[in-house]
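Work through the exercises below with the structure in view. Try each task before reading its solution.

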Amino acid sequence: MSTKHTFHIPVMGTGFTLDTPLKVSPYGMDSVVSIVDDVLIENLRKFYCEKFELPYQAITDKIEDFRAKRITSYLNLLQELAEKKFKQIKDSTLETSMEFKNYFNMLPDSSSLKQKFTELTHQNKTWKEIKNWADQHLTMGSIDVNIMTKLDKINYKEGEKLPNEYNDAHAALRGFAQSNLQSSVVLSAGMNPRLYSYMENFDDFFPDKKGAIKKRIVIKVSDYRSALIQGKFLAKKGLWVSEYRIESGLNCGGHAFATEGFLMGPILQEFKDNRQELIDTVHSVLLPALADRNKIQPDSPLALKITAQGGVGTEKEHQFLLEHYDIDSVGWGSPFLLVPEATTVDDATLKKLAKATEDDLYLSNISPLGVPFNNLKGNSKDQEKDIKIVSGRPGSPCPKEFLALNNEYADKTMCTASRQYQRNKIKELDQEALAPDEYKSRFQKIVEKSCLCMGLGEATMQLNGADSERPAKGVSVCPGPNMAYFSKTMSLKEITDHIYGRINLISEKNRPHMFLKELKLYSDHLKTKIDETKGELNKRQEKYLLSFTENMKEGIDYYQQLFSKMKDSFVSSKSSIMNDLQSHMMYLEYLENQIKNLTAVRQDIG
């Protein structure tokens, strides 16, 4: 019997979804928490222990392996509290049955569980009979965790470098592996071979005879080739990737990892066409690896899910991904930032998000990782940063150091948003005797970096566990472009009704189809890359830009064929979609000519 929702809530920042499972898991919804910031995690554990009158013993940084232990303790607490809430829902009396009914009301209408519940209530079954049936069929949503594989900083104790297993990402993985959860770890931001290999140390990542895996592996990918490479790498260790989570390169929230012009539609098609090949290829590598390690070999091929996220905003898009591409679940991220019942966002940021237009949401260079980062104009963290720049004290203190990955100045790495790093760079800049415009441009590139470690967790500190005497700090927020089309806070029931087409919460009538929005973002990205050459194009840049253009043109060809063949989906908007695709193709040809003209200039000079 189908009990599942057809959406999941992806990780958002370090704090926005840190306690989301406690709010949504009892209603059968899957969500993902970040386990980067063990300091924030420990603060939140203390808050919830006090709130629910549970014993709390601080895990200080003086304790051996404190980072992993903080994460394990918090995840166990999340599970305990979510299960208690879930039990309360199932144990509802007829007089207190609202949340019990909400569990079913929020399910998609196609859910066989919902249909059976409706049938039972119409058959005048007693409340006891209904509850006995529900007790056997209701399930909680999965409490999944996210690790950005790049955030694997080396750590020290009393000046001595610690072994690799105490690196940030390694310790986070260990914290999850040692928890009581039966769920998934979502690995994002690219491949980390050393971290992947470390997973072999934990039995929970290996399958039993029936193919069940207590701790499942999910890889966030942006193309099929990457999925195959990473799947085979892990399979050689005896580890099965249970899910490939496809995310749009640019039409997403948080850090944006642009592909080389490969668009989401063709990528989804490639996964659909090669799904069985992916299973067979990786499985053929897995079995001998399990045998070599004397691990249990499952009787049949293991389960594999393909999920997708990035820019989905309507029920039609949601259903299209499920039905046309055989997607198992669709991620809804940014809109949930406007759902206080699901995420933790401070009031001031909520109001800014609700008012945000397309022009207020932009791809910035504020991340110390050096990766483009989706940002909201006027957020309080950027305001705080600007005040520091004007006062002559750019940069931030760096108490957490999770993004301290730059090693330009010392054996110990620094964060490019830190005060010390920016002070060093500005001193170097002052010695170069640059022209005013050049100085201003390079100065801005130094000071634009923002302290995301503090900013992305600040709302959680303000709302859930900060000392009341602690002054509020600036909040960083990372919504995707899709936020522009939602203009008010929503209840959990309202957002699920929107996802399943029972109501419409889109405020902008001219919202483009998610594929067309991504197409524009990639066109803008290509134009930016061309402009960055400043009229001087070398052979490597030429090859990259022309390949990027060709990949986009192939993507547009794919969309033109896709939408021209559609008979039931997007019927009312089909004509405008086809016109927009033609316009994008013409613009792309214009950009291609720009690249070729730059190439001709270089050849003439040569």
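**Exercise 1.** How far is the sulfur of cysteine 415 from the closest cysteine sulfur, and in which residue is that sulfur?

*Solution.* First, some ground rules. This is a predicted model, in which local features need pLDDT of at least 70, side-chain atom pairs count only at pLDDT 80 or more, and totals for chains, interfaces and linings use all residues. Residues are numbered from 1 along each chain as its sequence is written, and side-chain values use heavy atoms, with hydrogens and water left out.

Step 1. Find the partner: the closest cysteine sulfur belongs to cysteine 398.
Step 2. Read the distance: 4.9 Å.
Step 3. Apply the cut-off: a disulfide is a pair of cysteine sulfur atoms within 2.5 Å. The two sulfurs are therefore too far apart for a bond.

**Exercise 2.** Decide whether cysteine 415, cysteine 49, lysine 153 and glutamine 269 are buried or exposed.

*Solution.* Step 1. Take the scale: buried means under 20% relative accessible area, exposed over 50%, partly exposed in between (1.4 Å probe, protein chains only).
Step 1. Cysteine 415 has 7% relative accessibility, so it is buried. Cysteine 49 is buried at 4%.
Step 2. Lysine 153 is at 7%, so it counts as buried. Glutamine 269 is at 17%, so it is buried too.

**Exercise 3.** Where is glutamine 269, and which residues does it contact?

*Solution.* Step 1. Glutamine 269 lies in helix H10 (residues 264–292).
Step 1. Beyond neighbours within four places in sequence, glutamine 269 contacts His324, Tyr325 and Tyr558.

**Exercise 4.** At what angle do helix H2 and helix H3 pack?

*Solution.* Step 1. H2 (residues 38–51) and H3 (residues 66–90) pack at about 40°, their axes 9 Å apart. Axes are lines fitted to C-alpha atoms, for helices over the stretch in contact, and angles run from 0 to 180 degrees between N-to-C directions.
Step 1. That angle makes H2 oblique to H3. Angles under 35 degrees count as roughly parallel, over 145 as roughly antiparallel, 65 to 115 as roughly perpendicular and the rest as oblique.

Definitions and conventions:
Helices (H or I, at least four residues) and strands (E, at least two) are DSSP runs, numbered from the N terminus. Contact means heavy atoms within 4.5 Å.
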